[in-house]
Amino acid sequence: MNEIMERIRGMAEETGESIEGVAFPEPIVLAPGAVDAAADWLTASGYARVQVIADANTYEAAGKRLTDGLVARGASAVPTIVLPNALGDVAADEASVVQVLLDAQRTGAEALVVVGAGTLHDIARYAAFTCGRPFVSVPTAPSVDGFTSVGAPLIVRGDKITIPAVGPAAIFADVDLLTAAPRALIAAGFGDMLGKYTSLFDWRFGAATADEPYSPLAAAITERALAKCVAQAGAIGRGEPAAVVALMEALIESGLAMLIFGQSHPASGAEHHVSHYWEMEYIRRQRRQLLHGAKVGVACALVSERYRRIAEEDSVALDGVPDLRSMLQAVPGPTELRALLAEAGGPATPEELGVEPTLVQESLERAHRVRLNRATLLRRYNELSQLNK
């Protein structure tokens, strides 16, 4: 969609930051009929053997249509239906990656196309990276902002680690699919966007306290995308088509901000670390997984609450950080964040999500260990608290 890249280029000119050399997806199509446009683009680009990666649900929603469309255009298209694990979850783990890689090798696929949401994209992007093939993104729900990511968060022996991978060569987001997506997935996308409030704060905190690199352009793109979503929370909750499209635009723009910066700082802070902690604990306990964006939204409110308590304590964790309290004022309080989550139709509290109080408390004390290369206020406070015991 040219409008998205036009906005990005315009903001780059305003900030004076160069985006030369960034491997943006081309094209980015957000329109009705984008599934058919993907088949057109793949065949026009000369890909004669295509692997279509989906799960049972997304294959029925769009994967079969894409596969049939490719065959009708003269290409060889072989679907890979990623199998669920023993709990019934499709997981971005070793077994799923190997399944996709084996099919890619067996069929001699020249390009991989993923039809689905975040987990399937993580599987496909790492498989494509490993076998040296391009992959194309066909999102089926506006549920996460990681469609353009060049990192693959994978579960390896029970731990969540992000591994370098490859971004999509092109994105084809079909409006008809997105607006028909389950409401829970749409609300999860809103939750993933709402988490930018605390991720942007943590990024500024890390830049001020640990000299972490910072990009005004990536921050501005993320802030704009977040504001667009918050302004339409109710319409997103009602599933209004224009609002769902706006949510998808925001998710793509947030992903492009990470692509420009080269790391996840603009869109992932303590709220994501809490979410990842819950995910790994659920794996350890052999429990069904929760939607990523739903966890992030609920965790964002928890982190906002914790950060306000830290400020009220006048903690030494705040010492030496100029304008920290004014930076924190840009983050809505937990009551406002939970109201927005409810308005968008998603869970607003750990109880609604199904996360018990003991795990909530444990995660707030330990989640910073998930990403020890990140300087968040949660990490600084927890580490100082341990030293003072």
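**Labels and their cut-offs**

Colleague: Why is Asp211 called exposed?

Modeller: Its relative accessible area is 70%, and the scale, with a 1.4 Å probe and protein chains only, calls a residue buried under 20%, exposed over 50% and partly exposed in between. Asp211 is therefore exposed. As background, this is a predicted model in which local features need pLDDT of at least 70 and side-chain atom pairs count only at pLDDT 80 or more, while totals for chains, interfaces and linings use all residues. Residues are numbered from 1 along each chain as its sequence is written, and side-chain values use heavy atoms, leaving out hydrogens and water.

Colleague: Where does Asp211 lie, and what is its phi?

Modeller: Asp211 lies in the loop between H8 and helix H9 (216–231); helices are DSSP runs of H or I with at least four residues, strands are runs of E with at least two, and both are numbered from the N terminus. Its phi is near 55 degrees, a positive value in a residue other than glycine. Most residues other than glycine have a negative phi, and most peptide bonds are trans. Gln286 also has a positive phi, about 55 degrees, and sits in the loop between helix H12 (270–284) and H13. With a relative accessible area of 62%, Gln286 is exposed.

Colleague: Which residues does the cis peptide bond join?

Modeller: Glu26 and Pro27, with omega about 10 degrees. Pro27 is in the loop between helix H1 (2–15) and strand S1 (28–31).

Colleague: How many aromatic pairs are there, and what makes the pair of Phe201 and Phe205 stacked, not edge-to-face?

Modeller: There are 7 aromatic pairs. Phe201 and Phe205 are 6.4 Å apart, centre to centre, with 20 degrees between the planes. Rings of Phe, Tyr and Trp (its six-membered ring) pair if their centres lie within 6.5 Å; planes under 30 degrees apart are stacked, over 60 edge-to-face, and the rest tilted. So this pair passes on distance and counts as stacked. The two residues are about one helical turn apart, because they are 4 residues apart in helix H8 (residues 196–210). Phe201 is buried at 2%, and Phe205 is buried at 1%.

Colleague: And why is the pair of Trp203 and Phe261 called edge-to-face?

Modeller: The planes of Trp203 and Phe261 are 65 degrees apart, with 4.9 Å between the centres, so the angle falls in the edge-to-face range. This pair links distant parts of the chain, 58 residues apart: Trp203 is in helix H8 and Phe261 in helix H11 (residues 241–261). Trp203 is buried at 0%, and Phe261 is buried at 16%.

Colleague: What makes you say that the charged end of Arg287 sits over the ring of Tyr282?

Modeller: The label needs NZ of Lys or CZ of Arg within 6 Å of the ring centre and within 35 degrees of the ring normal. The charged end of Arg287 is 4.1 Å from the ring centre of Tyr282 and counts as sitting over the ring.
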